[in-house]
Amino acid sequence: MDLGCLDDFLRLLHDECCIDLRGRDAATRLADVPEWDSVLLLRLLTVLEEETGRRLSIQPFLTARTFGDIHACVKEQA
C-alpha cells in the first residue's frame with residue numbers, strides 16, 4: 001500500500017478504522033465524522049506505524065483537522 005497515495009490512505013482509514021467514507025474526501029473535517037475520536041486516532045497511528053515501518057510523532061496528528069491534514073502528516077514523516 002502506498003500511503004503517499006490519497007486513495008490508498010482513505011482505503012486504509014475505511015478498512016482499519018471502519019470509517020464510512022461514502023461522500024467524504026480529504027477535505028472532510030474530523031469533527032464532522034461521528035465515528036472519529038481519540039481512540040481511533042491512536043488506532044490509526046498504530047496502523048500507520050506498522051504500514052510505514054517507522055515511528056511517527058503524534059504531535060502533528062493531534063492538530064490535524066481533516067483527513068487531508070492527517071495524510072499530509074503521514075507523507076511528511078514516512
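This is a predicted model: local features need pLDDT of at least 70, side-chain atom pairs count only at pLDDT 80 or more; totals for chains, interfaces and linings use all residues.

Biologist: Where does arginine 54 lie?

Modeller: Arginine 54 sits in the loop between helix 2 (38-52) and helix 3 (59-62). Arginine 54 counts as partly exposed because its relative accessibility is 44%.

Biologist: And how far apart are arginine 54 and glutamine 77?

Modeller: They are 23 residues apart in sequence, and 8.3 Å apart in space from C-alpha to C-alpha. The arginine 54 side chain reaches the backbone oxygen of glutamine 77 at 3.3 Å.

Biologist: OK, helix 4. Which residues are buried there?

Modeller: Helix 4 covers residues 67-77, and its buried ones are Phe67, Ile70, His71, Cys73, Val74 and Gln77. Looking down the helix 4 axis, these fall within an arc of 155 degrees, so they line one face of the helix.

Biologist: What covers the buried residues?

Modeller: The cover includes helix 1 (6-17), helix 2 and helix 3.

Biologist: Which residue caps the N-terminal end of helix 4?

Modeller: That's threonine 66, with a side-chain oxygen 3.2 Å from the backbone nitrogen of glycine 68.

Biologist: Switching to the surface: which residues form a nonpolar patch?

Modeller: Leu42, Ile58 and Leu62, with about 250 Å² of accessible area together. Leucine 42 lies in helix 2, and it is partly exposed, with a relative accessible area of 47%.

Note on methods:
Residues are numbered from 1 along each chain as its sequence is written. Side-chain values use heavy atoms; hydrogens and water are left out. Helices (H or I, at least four residues) and strands (E, at least two) are DSSP runs, numbered from the N terminus. Buried means under 20% relative accessible area, exposed over 50%, partly exposed in between (1.4 Å probe, protein chains only). A polar contact is a pair of N or O atoms within 3.5 Å; within protein, one must be able to donate a hydrogen and the other to accept it, and residues adjacent in sequence count only if both atoms are side-chain atoms. Patches are made of residues with over 30% relative accessible area and no salt bridge: like charges are joined within 9 Å, nonpolar side chains (Val, Leu, Ile, Met, Phe, Trp, Tyr) within 5 Å. Accessible areas come from the Shrake-Rupley method with a 1.4 Å probe; for residues, only the protein chains shown count as cover. A salt bridge is a side-chain nitrogen of Lys or Arg within 4 Å of a carboxyl oxygen of Asp or Glu. The arc is that of the directions from the helix axis to the C-beta atoms. Contact means heavy atoms within 4.5 Å.
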